[in-house]
Amino acid sequence: MWIKLTAGILFVLGGMFCGFNMADKLKKGVDFCTEAERLLNICESEIRTSSSDVYSIVRRLKKEKFKINISIDGLPECYSPETDFRDQWCEAFRGINWINKDEIDIMLSLGNMLGTTDAEGQLKGISDIRTRVEGLYKMRQNEYDRKGKLYRSIGLLTGAALGIIII
């Protein structure tokens with residue numbers, strides 16, 4: 001009897017874990033948008049205040065601590081003819097396996113835009129990307145609000161149902 005009760009409790013906990021894990025994936029999308037906004041603010045301030053090049057921006061980004069795992073450490077801090085900044089930027093963001101295609105597209109467009117025009121052109125490009133991030137943030141937040149609680153509840157209920165079946 002104790003073994004069945006223990007198995008039932010484990011199923012409840014497993015279902016609850018699965019539900020919370022799925023809700024956490026939705027929360028990561030919201031967190032990514034928040035951190036992308038912060039990254040855009042840093043890029044914008046570097047360009048606006050000192051017309052920094054991409055390598056100065058990378059040095060500043062490496063000093064910041066982001067809540068999400070963005071692999072900026074592999075980006076070059078100074079010009080080298082052997083390395084292409086845009087290729088390395090793409091590799092840094094394509095290496096993140098938990099973000100969606102929309103988030104990757106936004107970050108890749110930022111990397112492709114940085115350093116290609118004068119300061120005003122870059123600021124306009126950042127403003128356009130910021131608009132996309134804000135729209136994506138609203139969409140991700142709405143999705144999290146609608147589905148997060150649902151996933152947690154369904155996970156718990158599924159685990160409880162399996163636990164009752166086992167008992």
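Is Asp128 buried, exposed or partly exposed? At 40% relative accessibility, Asp128 counts as partly exposed, where buried means under 20% relative accessible area, exposed over 50%, and partly exposed in between, with a 1.4 Å probe and protein chains only.

Before going on, note that this is a predicted model, in which local features need pLDDT of at least 70 and side-chain atom pairs count only at pLDDT 80 or more, while totals for chains, interfaces and linings use all residues. Residues are numbered from 1 along each chain as its sequence is written, and side-chain values use heavy atoms, with hydrogens and water left out.

**Stop 1: helix 5**

Select residues 119–166, which make up helix 5; helices here are DSSP runs (H or I, at least four residues), numbered from the N terminus. This helix has 48 residues and reaches 65 Å from its first C-alpha to its last, close to the 70 Å expected at 1.5 Å a residue, the expected span being 1.5 Å times one less than the number of residues.

Lys124 and Asp128 are 4 residues apart, about one turn of the helix. An α-helix has 3.6 residues a turn, so residues three or four places apart point the same way. Lys124 is exposed, with a relative accessible area of 54%.

Move along to Lys147, on which a kink of about 35° in helix 5 is centred; the bend at a residue is the angle between axes fitted to the seven residues ending there and the seven starting there. Lys147 also forms a salt bridge with Glu143, the closest N and O atoms being 3.9 Å apart. Of this pair, Glu143 counts as buried at 19% relative accessibility, whereas Lys147 is partly exposed at 27%.

Still in helix 5, pick Thr158, which is partly exposed with a relative accessible area of 41%. A distance drawn from the C-alpha atom of Thr158 to that of Thr116, 42 residues away along the chain, comes to 52 Å.

**Stop 2: helix 1**

Next select residues 2–50, which form helix 1. The 49 residues of helix 1 should span 72 Å at 1.5 Å a residue, and its end C-alpha atoms are 69 Å apart, which agrees. Helix 1 is followed by Ser51, whose phi is positive, near 45°.

Show the side chains of Arg48 and Glu44, which meet in a salt bridge (2.9 Å, N to O). Arg48 is exposed, with a relative accessible area of 53%. A search of the whole structure finds 14 salt bridges.

**Stop 3: the largest pocket**

Finally, select the lining of the largest pocket, including Asn21, Asp24, Trp98, Arg140 and Glu143. Helix 1 gives the most to this lining, with 6 residues, and helix 1 and helix 5 each supply at least two. By class, the lining has 3 nonpolar, 3 polar and 6 charged residues. The volume of the largest pocket is about 220 Å³.

Note on methods. A salt bridge is a side-chain nitrogen of Lys or Arg within 4 Å of a carboxyl oxygen of Asp or Glu. On a 1 Å grid over the protein atoms alone, a cavity is a set of points where a 1.4 Å probe fits but cannot get out, and a pocket is an open set with protein on both sides within 12 Å along at least five of seven lines; lining residues have an atom within 4 Å of a point. Grid points are joined across faces, edges and corners, and a volume is the space filled by probe spheres set on the points. Ala, Val, Leu, Ile, Met, Phe, Trp, Tyr, Cys and Pro count as nonpolar, Asp, Glu, Lys and Arg as charged, and the others, Gly among them, as polar.
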